[in-house]
Amino acid sequence: MPPSFGKAAYAKVIQRLVERIYNQSPLQDSLYEQAVQWFAEKALRDQKSAELEQQLFLFESRHQQAKKGEQAAIARNLKQAEDQHKTFSEDLEESRFLRYNELFLLCRDILSICQGESFSDTNSYSAKMLGTIQLICPTRGRNIAKENQKARHLYKAVLSLRLLDRLVIDGMIDHPFIMERYEEGKAIPYNDETEYHPYRDDVHVPVLMAALLQDIGRCHPSCQAILKGPDGSFDEFRELDAEERNTFLQTSYTEALSYVQDALTTGRYLGRSKEERDRFVQGEIEKRELIQLLLKQAVRPQDIMGSILRIPQIYTGMVLSTRQNYNYEDLPKAALLLEKTAEQGKLSKNAVAAFLRIAGMFPQGYGITYIPKDSDGNDMERYEYAIVTGLYPPDFRKAICRIVTYSLTYQASARGCVVSPDNNLYFPQARRKLEIVPEERLLDILRKLVYNFEERMASPLLPRCWHPDDYFLNQKNQNLWNKAEMVQN
């Protein structure tokens, strides 16, 4: 089954969103590239600002003390200094607004793709986005860390939205601003045609902004020096020692808050009503305060508000890992790690339970190997391939999937299934069922399912999972999230 390489329209849209957030290109126009530039130029900006203010102060002093004959000349110099200071300040403010506006438009574009008008549609669209991110990232080879680093910000941001919604619905959020906007938004259609939606514009957008900006402090030169070394020769994905890691995390946190405060402004009111303007400005202040609150609370993840960013951050750090010991087979352990961390009291148990209710054990886009059942509901003596495609599984260890192979033959996906632990080869009880199958038969299954000879030679006879990224590269295999008949396995 040699794949027809390429990306269908939706996958290209997701790839472009990823690149708008984190990229390395000659244009240097991604969110994180802009931040690298802003941090690098901060000292020069501060110096220029101080020089202009000093110059203004000097001319103002001279003007006050000047004799009559000198006042005209000093007034001209003072006017020139005032103009320079004003132009510099206006340019800075315009740059802050442009960065804010680009981030705002990016967040609105993310919402237009992952958000629906119903709870069900929203979860379906979000599963599609999360699954596509996983499937366009490599799971083998040299570029895993690099590509996962690019993609993890968008992945984490979408999970933060879904966790927020779950916590709001379950009555676990008591933040007045969030709850007011949530209640106000219930009666208003949540779509791109709605010019202003209280929950979308005042809560979802700031939460997305906070999630995307959470790691922006890593762009600071001090953090880059820790990651890449003073001359840029270190592997940025290596494991840091305890002291380096602490310094990195503290600096990154401090500088992320600095970036929100100094590099970004707020939205601009375009109407003429003073009353509306006052309301708008107050709303912008509250949104900015919400972003700062979420970033500050994320270092206190035992609290519910701190969980909104921190739980998705921990989970994404494992699912889209940049560690050298990355092992695709271990991705379901991300959910188990959250459970364990909550049991140790380091995360909110209620928030982790809410998150795992959404995500289940198996990440979106994960390759499942499972034992199918015949028409009488009996287990068959073979395994097939499926891909995880649904949030909110009926049980933590079950997986909502799309079937990829039928009778050991790849087909464009047309049916879905809910795979139980008893038939999911990730679990030992399912693998034991096939231990009675002769080795020759298992080798035959492997030959039919794994078309890459090198991979086939390295694959176990009873694989706990499979790598679906090559399958997904075939454009006709990318429609995994349309409505389909579901079967139980």
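Student: Which way do β2 and β3 pair, and over how many bridges?
Tutor: Strand β2 (residues 384–388) and β3 pair in the antiparallel sense, with three bridges between them. Keep in mind that this is a predicted model.

Student: Okay. What is the bridge partner of Ile 387 in β3?
Tutor: That's Arg 402.

Student: And which strand do four bridges join to β3?
Tutor: Strand β6, residues 415–419, and that pair is antiparallel too. In this pairing, Cys 401 stands opposite Cys 417 of β6.

Student: What's the strand order in the whole sheet?
Tutor: The order is β1-β2-β3-β6-β7, an open sheet of five strands with mixed pairing. At the edges you find β1 (367–370) and β7 (485–488), each pairing on one side only. From one strand to the next, the twist averages 40 degrees.

Student: Back to β3. Is that strand mostly covered or mostly uncovered?
Tutor: Mostly covered: β3 spans residues 399–403, and five of its five residues are buried.

Student: Which of those residues point which way?
Tutor: Ala 399, Cys 401 and Ile 403 point one way, while Ile 400 and Arg 402 point the other way. In a regular strand, side chains alternate between the two faces of the sheet. In β3 the residues pointing either way are all buried, Arg 402 included.

Student: Switching to loops. Where does Tyr 392 sit?
Tutor: Tyr 392 is in the loop between β2 and β3. Its phi is near 50 degrees, a positive value in a residue that isn't glycine. Most residues other than glycine have a negative phi.

Student: Is Tyr 392 buried or exposed?
Tutor: Tyr 392 counts as buried because its relative accessible area is 19%, and the cut-off for buried is under 20%.

Student: What about Ser 407, where is that one?
Tutor: Ser 407 lies in the loop between β4 (405–406) and β5 (409–410). Its phi is positive as well, about 50 degrees, although Ser 407 is not a glycine. Ser 407 has 52% relative accessibility, so it counts as exposed.

Student: Now helices. How many residues does α4 have, and how far does it reach?
Tutor: Helix α4 (residues 119–136) has 18 residues and reaches 26 Å from first C-alpha to last, close to the 26 Å expected at 1.5 Å a residue.

Student: Which residues of α4 are buried?
Tutor: Among them are Thr 122, Asn 123, Ser 126, Met 129, Leu 130 and Ile 133.

Student: What covers them?
Tutor: The cover includes α1 (9–21), α3 (68–114), α5 (144–169), α11 (304–319), β2 and α17 (469–473).

Student: Which residues have the most contacts inside the largest nonpolar core?
Tutor: Ile 110, Met 129, Leu 154 and Ile 368, in a core of 130 residues. The largest share of this core comes from α5, with 12 residues. Another core lies apart from it and has five residues, including Cys 223 and Leu 240.

Student: What does Ile 110 contact, leaving aside neighbours within four places in sequence?
Tutor: Ile 110 is in contact with Leu 17, Met 129, Leu 154, Val 158, Leu 208 and Leu 212.

Student: Last one: how many helices and strands are in the protein?
Tutor: There are 17 helices and seven strands. The protein has 489 residues, and 52% of them count as buried. Its C-alpha trace spans about 105 × 55 × 45 Å along the principal axes.

Notes. Residues are numbered from 1 along each chain as its sequence is written. This is a predicted model: local features need pLDDT of at least 70, side-chain atom pairs count only at pLDDT 80 or more; totals for chains, interfaces and linings use all residues. Side-chain values use heavy atoms; hydrogens and water are left out. Buried means under 20% relative accessible area, exposed over 50%, partly exposed in between (1.4 Å probe, protein chains only). Helices (H or I, at least four residues) and strands (E, at least two) are DSSP runs, numbered from the N terminus. Two strands pair if DSSP finds at least two bridges between them. The expected span of a helix is 1.5 Å times one less than its number of residues. Contact means heavy atoms within 4.5 Å. A nonpolar core is a set of buried Ala, Val, Leu, Ile, Met, Phe, Trp, Tyr and Cys residues joined through side-chain atoms within 4.5 Å. Axes are lines fitted to C-alpha atoms, for helices over the stretch in contact, and angles run from 0 to 180 degrees between N-to-C directions.
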